[in-house]
Amino acid sequence: SLINSLQNMIFYNWNLPCQVLVRKLTDGTELRGRVVETEAYLGGEDKASHSAGGKRKARNTAMFMKPVTIYGIYLCMNVSSQGEGAAVLLRSLEPLRGQDVMRGLRAAKRKAGAKILQEKELCNGPSKLCQALDIQRCFDHRDLATDTEVWLERDPERETVCAGEVVSAPRIGVESHGEWATKTLRFYLRGHPCVSVLNRDAERQMQSSTDLHNTEMERTV
């Protein structure tokens, strides 16, 4: 199911189903982007989460709603997940369809005369992807499983991602939250040009673990 797919993307490190975010504009145009970077927020226990301590407020109500509900008080798109107050932040997308429209939507938020954005720059950040897909604050509380203007679906071009392609690293912008700042709850596709921020230390550690595993496998053959 869609809910289980999101959970697997957050918590497990095996072959993961690829997800595409689809935004249908009022004129029928569909903008599509493959999810290549996410962050997990684990609810009440997570000191870096807007639902820390399990406190439900007007601004974070969507985080306590059923899974795949949009939560967005800023220009960032979060998706509620299984677990009280848990959510997934969509950090970056790989543009798949409607790039020219995305470029126009991004340009409307930029200074006059700014350089033309490369395709990899259209959705490589949580606010950028919201601008590029015209995802607005009024989308807060919408249900991605049933909404007709924005939804997630399985990627028809790439069904899964293998474990060796997924980097787990600390989240961005939570440095003041003690031990929760170091937890590796950001996940991205290694080497993908659309990822917002690379973590070279995490990638080196991942490569070292892969090399060690391969060496051990060779010894058992």
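The chain holds 4 helices and 10 strands. The model is predicted. Along the sequence, the elements follow the pattern α-β-β-β-β-β-β-α-α-β-β-β-β-α. The chain has 221 residues, and buried residues make up 45% of them.

**Overall figures**

- Among contacts between residues at least 6 apart in sequence, 63% join residues at least 24 apart.
- The chain exposes about 11,300 Å², and carbon and sulfur atoms supply 50% of that area.

**Nonpolar cores**

- In soluble globular proteins, nonpolar side chains tend to be buried together.
- The largest nonpolar core in this chain has 22 residues. Those with the most contacts inside this core are Leu21, Met77, Leu90, Cys123, Leu129 and Leu133.
- Five elements are listed as giving two or more residues to this core: strand S3 (30–42), strand S5 (77–80), strand S6 (86–97), helix H3 (126–132) and strand S7 (150–154).
- Cys123, which belongs to the largest core, touches Arg91, Ser92, Leu93, Pro95, Met102, Lys128, Leu129, Ala132 and Leu133 when residues up to four places away in sequence are not counted.

**Salt bridges across the chain**

- Side chains of opposite charge can pair when their charged atoms come close.
- A search of the whole structure finds 17 salt bridges.
- One of these salt bridges joins the side chains of Asp134 and Arg23, at 3.5 Å from N to O. Asp134 lies in the loop between H3 and S7, while Arg23 is in strand S2 (residues 19–24), so the pair ties together parts that are 111 residues apart in sequence.
- How buried or exposed are the two partners? Asp134 has a relative accessible area of 25%, so it counts as partly exposed. Arg23 has a relative accessible area of 5%, so it counts as buried. The cut-off behind both labels is that buried means under 20% relative accessible area.
- Arg91 and Glu39 also meet through their side chains in a salt bridge, at 3.7 Å from N to O. Arg91 is in strand S6 and Glu39 in strand S3, and the two residues are 52 residues apart. Both Arg91 and Glu39 are buried.

- Arg32 is found in strand S3. At 14% relative accessibility, Arg32 counts as buried.
- Which residue forms a salt bridge with Arg32, the closest N and O atoms being 2.5 Å apart? The partner is Glu153.
- This pair links distant parts of the chain, with Arg32 in strand S3 and Glu153 in strand S7, 121 residues apart.
- Glu153 is partly exposed, with a relative accessible area of 23%.
- The pair is part of a network of salt bridges that links Glu30, Arg32, Arg97 and Glu153.
- Leaving aside neighbours within four places in sequence, Arg32 is in contact with Val20, Leu21, Val22, Glu94, Pro95, Leu96, Arg97, Met102 and Glu153. One of these contacts, Leu21, is also among the residues with the most contacts inside the largest core.

**Arg106, a buried charge without a salt bridge**

- Arg106 sits in helix H2 (residues 99–107).
- Arg106 is buried yet has no salt bridge. The nearest side chain of opposite charge is that of Glu121, which is 7.4 Å away.
- What lies 2.9 Å from a polar atom of the Arg106 side chain? The backbone oxygen of Glu121 does. For Glu121, then, the backbone oxygen is 2.9 Å from a polar atom of the Arg106 side chain, whereas the side chain is 7.4 Å away.
- Not counting residues up to four places away in sequence, Arg106 touches Leu117, Glu121, Leu122, Lys128, Gln131 and Ala132.

- At 40% relative accessibility, Gly104 counts as partly exposed.
- The C-alpha atoms of Gly104 and Leu117 are separated by 9.8 Å, and the two residues are 13 residues apart along the chain.

Definitions and conventions: Residues are numbered from 1 along each chain as its sequence is written. This is a predicted model: local features need pLDDT of at least 70, side-chain atom pairs count only at pLDDT 80 or more; totals for chains, interfaces and linings use all residues. Side-chain values use heavy atoms; hydrogens and water are left out. A nonpolar core is a set of buried Ala, Val, Leu, Ile, Met, Phe, Trp, Tyr and Cys residues joined through side-chain atoms within 4.5 Å. Buried means under 20% relative accessible area, exposed over 50%, partly exposed in between (1.4 Å probe, protein chains only). Contact means heavy atoms within 4.5 Å. A salt bridge is a side-chain nitrogen of Lys or Arg within 4 Å of a carboxyl oxygen of Asp or Glu. Accessible areas come from the Shrake-Rupley method with a 1.4 Å probe; for residues, only the protein chains shown count as cover. Lys and Arg count as positive and Asp and Glu as negative; His and the chain ends are not counted. A polar contact is a pair of N or O atoms within 3.5 Å; within protein, one must be able to donate a hydrogen and the other to accept it, and residues adjacent in sequence count only if both atoms are side-chain atoms.
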